[in-house]
Amino acid sequence: MTTLQVTEDSIRKTRELRDEFQRFLREYEFGMREVETKISILRDEFTHDHAYNPIEHVKSRLKTPDSIVEKIARKGIDEPDFDRIRAEITDIAGVRVTCSFVADVYQLFDLLTQQDDVTVRVVKDYIAEPKDNGYKSLHAIIEVPVFLSTGALLVPVEVQFRTIAMDFWASLEHKIYYKFSNQVPSHLVDSLTDAAAAAAELDTRMERLHREAHGVPRRQLAPPPPPRIVGV
């Protein structure tokens, strides 16, 4: 058995790397909090001023160090440093907003991304153009400013908007793929695709029922935003 000698210098360098990585993750945690606060304000305003809450629930997550390392490997990033990771991986912090109806998804997306201090980097509209397996959601990578003692810092945060039906389908799909280690039998894949179509039909019917029950005229919404890159 080979015994490695641990020196005070190696311990110091390891601690410095640990501290730098913790500071790196905190940046994303702070950015995530900023987005959560913005969404919370919108929800409270709707509840008190419009007597309607378009948001069912909000979840947030920060990628674990292991997940970041795995993504670095998948993207083929050689000799990564923190600046390279910041540039290449934009979904370290994530917020998921589950809405009541599809119209609410687009309205909340507009209200959040039109704020003066929010910069939209990438939009992927899987509601207008679902994935082949039926997955639907509106994804956006946005940048928000975080004001630290050292100055302002722009932090990217991935925000996903989806309806209750879309969220339920995505949760089930994730569990099935996890159980089969991504090797899902074809008949289950076909059933999931059919279920996605049923979930989309349910969204349409429930929104129509909501409007009829409350006498709400159909909002004249702009067409769904096309996928775009504002700046990377």
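Author: A charge counts as sitting over a ring if NZ of Lys or CZ of Arg is within 6 Å of the ring centre and within 35 degrees of the ring normal. The model is predicted, so that local features need pLDDT of at least 70 and side-chain atom pairs pLDDT 80 or more, while totals for chains, interfaces and linings use all residues. Residues are numbered from 1 along each chain as its sequence is written, and side-chain values use heavy atoms, with hydrogens and water left out.

The charged end of K131 sits over the ring of Y126, 4.9 Å from the ring centre, and K131 also lies over the face of Y135, at 5.0 Å from that ring's centre.

Between rings, the structure holds 6 aromatic pairs (Phe, Tyr and six-membered Trp rings with centres within 6.5 Å; planes under 30 degrees apart are stacked, over 60 edge-to-face, the rest tilted). One of them joins F24 and F82, whose ring centres are 5.0 Å apart and whose planes meet at 40°, so this pair is tilted. The pair links distant parts of the chain, with F24 in helix 1 (residues 8–49) and F82 in helix 3 (residues 82–88), 58 residues apart; helices are DSSP runs of H or I with at least four residues, numbered from the N terminus. Both F24 and F82 are buried (under 20% relative accessible area; exposed is over 50%, partly exposed in between, with a 1.4 Å probe and protein chains only).

Turning to the helices, helix 5 (residues 164–179) and helix 6 (residues 186–214) pack at an angle of about 170°, with axes 9 Å apart (lines fitted to C-alpha atoms over the stretch in contact, with angles from 0 to 180 degrees between N-to-C directions). Helix 5 is therefore roughly antiparallel to helix 6, a term for angles over 145 degrees. In contact, meaning heavy atoms within 4.5 Å, A165, M166, W169, L172, E173, I176 and Y177 of helix 5 meet L188, V189, L192, A195, A196, A199 and D203 of helix 6. The residues of this contact divide into 12 nonpolar, no polar and 2 charged (nonpolar: Ala, Val, Leu, Ile, Met, Phe, Trp, Tyr, Cys and Pro; charged: Asp, Glu, Lys and Arg; polar: the others, Gly among them).

The loop between helix 5 and helix 6 holds N182, a residue other than glycine with a positive phi near 70°, and N182 is exposed, with a relative accessible area of 55%.

Note on methods
Helix = DSSP H or I, 4+ residues; strand = E, 2+ residues; numbered from the N terminus. Parallel < 35°, antiparallel > 145°, perpendicular 65-115°, else oblique.
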